[in-house]
Structure formats: C-alpha cells, structure tokens
Amino acid sequence: MRIAVYPGSFDPLTNGHLDIIRRATALFDRVLVAVLENEGKSPLFSVSERMELILRCTESIEGVEVHSFSGLLVDFMRRAGASVVVRGIRAVSDYEYELQMALMNRELHPGAETIFMLPSVEYTFVSSRLVKEVFRLGANVSHLVPTPVLEALRARLGEPATRT
Ligand code: PNS
C-alpha cells in the first residue's frame, strides 16, 4: 500500500491544490490531505471548515482522505504509516523553502521522502493567499477555486457589487 501525505494550510483549497491531489492519486493508493492546525496564522476558515471544503471537493476522487494534524508533520506521518510527502512546486521561488522543509523532514524521519509535483500551468500563479486578497478586492476567482470554495468565500467575505 503506497501512502502519501499532502500537507498544507489549505486556507482555502484552490484549483492548484486540487490538481496536485488528482495527480498524486495516480501515483499512490491513499493520499492523505493533512490540514495543519495552526491558529497562529489567523486563518479565514477554521480547520474543520477547511476539511469540510476539501472533503466536498474531493469526494469523487478515489483514494483521498482528509485529516488534520498539529505538531510535527513527521509524527503525523509515523502515526499514519506514510513515508512520502507530496508538495506542489509552482515556480523556482517555491523551491528554496520546500527544499529546506524536505531536508528537515528527512533529518527528523530518515524514512520520509518528499516528492515535488508540478501543477497544471494554468495554476502556477495561484495561491490561497492571493485568491483571498483579490477576492476581497472584488476580483472574480471562479476559475481559480472549486465551486464549494467560491461559495464559502462569498458567505464569509460577502459579494462586492463589482467583480472583474
Ligand atoms: O500550505 P503551507 O502553509 O505552505 O504548508 C506548510 C506545512 C503545513 C507543510 C508546514 O508548515 C508543516 O509541515 N508544518 C508542520 C510542523 C512541522 O513539521 N514543521 C517542520 C517542517 S520542516
């Protein structure tokens, strides 16, 4: 059984995340999407709201499970019996931080391997942070996030009169 963990904040899930999840399920029997419980970041959505959104957006994708974790990722991996971390890399700018995390995780858990996956090109500029920022300022993000996430953004932040 090949088990991978796809960890992140997912505040909220974007089409870029969903693309990586789909690609990971082609390589692994189980893909555990693991939402970090880190209230320190003042998230827009609570962990349970983020998990619920991920569940709704991935219910048709076989092999996906949604979890949350606190503490070290490697401890969650040990508990879950997973030895692979999946991370999406959008651009070279992501690489340095991702490299450090991958090497630290391997230091803490020598059995942990990280694989970097590339999202579809149309999502290489998409991040949860930018989606929230432009949505707040009135932009149309309907092509950047799954429909349940769009609805949740509207419910949480309201619908400005003009969207571009
Ligand atoms: O979506 P993000 O915020 O880039 O995800 C970062 C995440 C959750 C993968 C990372 O912060 C993490 O794994 N945190 C858990 C604590 C931990 O294990 N830190 C050491 C990683 S080197």
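Is Ala-102 buried or exposed, and what is its relative accessible area? I began with this residue, and I found that Ala-102 is buried, with a relative accessible area of 15%, where buried means under 20% relative accessible area, exposed means over 50%, and partly exposed lies in between (1.4 Å probe, protein chains only).

**Entry 1: what I am looking at.** I note that this is a predicted model, in which local features need pLDDT of at least 70 and side-chain atom pairs count only at pLDDT 80 or more, while totals for chains, interfaces and linings use all residues. Residues are numbered from 1 along each chain as its sequence is written, and side-chain values use heavy atoms, with hydrogens and water left out.

**Entry 2: Ala-102.** I placed Ala-102 in helix α4, residues 92–108; helices (H or I, at least four residues) and strands (E, at least two) are DSSP runs, numbered from the N terminus. Leaving aside neighbours within four places in sequence, I found Ala-102 in contact with Thr-114 and Phe-116, contact meaning heavy atoms within 4.5 Å. I also looked up Arg-87, which is 15 residues apart from Ala-102 along the chain, and the C-alpha atoms of the two are separated by 9.2 Å.

**Entry 3: Ala-4.** I then turned to strand β1, where Ala-4 lies, and read that Ala-4 is buried, with a relative accessible area of 0%. Not counting residues up to four places away in sequence, Ala-4 touches Phe-28, Arg-30, Val-31, Leu-32, Val-84 and Val-86. For Val-84, which is 80 residues apart from Ala-4 along the chain, I noted a C-alpha separation of 4.7 Å.

Entry 4: In the loop between β1 and α1 I looked at Phe-10, whose phi is near 50 degrees, a positive value in a residue other than glycine. Phe-10 is buried, with a relative accessible area of 3%. Pro-12 lies in the loop between β1 (3–8) and α1, and a cis peptide bond, with omega about 0 degrees, joins Asp-11 and Pro-12.

**Entry 5: Lys-132 and helix α5.** From Asp-11 and Pro-12 I could follow a contact to Lys-132, which touches both of them and Leu-44, not counting residues up to four places away in sequence. Lys-132 is found in helix α5, and I noted that this lysine is buried, with a relative accessible area of 15%. The buried residues of α5 (residues 128–136) are Ser-128, Val-131, Lys-132 and Phe-135. They cover an arc of only 95 degrees around the axis, which puts them on the same side of α5; the arc is that of the directions from the helix axis to the C-beta atoms. What covers these buried residues includes α1 (15–25) and α6 (147–157). Just after α5, I found Gly-138 with a positive phi of about 105 degrees.

**Entry 6: α5 against α6.** Which residues make the contact between α5 and α6? I first noted that the crossing of the two helices is right-handed, a crossing being right-handed if the near helix is turned clockwise from the far one by less than a right angle, and left-handed if anticlockwise. The contact is made by Val-131, Phe-135 and Arg-136 of α5 and by Leu-150, Leu-153, Arg-154 and Leu-157 of α6. By class, the contact has 5 nonpolar, no polar and 2 charged residues, where Ala, Val, Leu, Ile, Met, Phe, Trp, Tyr, Cys and Pro count as nonpolar, Asp, Glu, Lys and Arg as charged, and the others, Gly among them, as polar.
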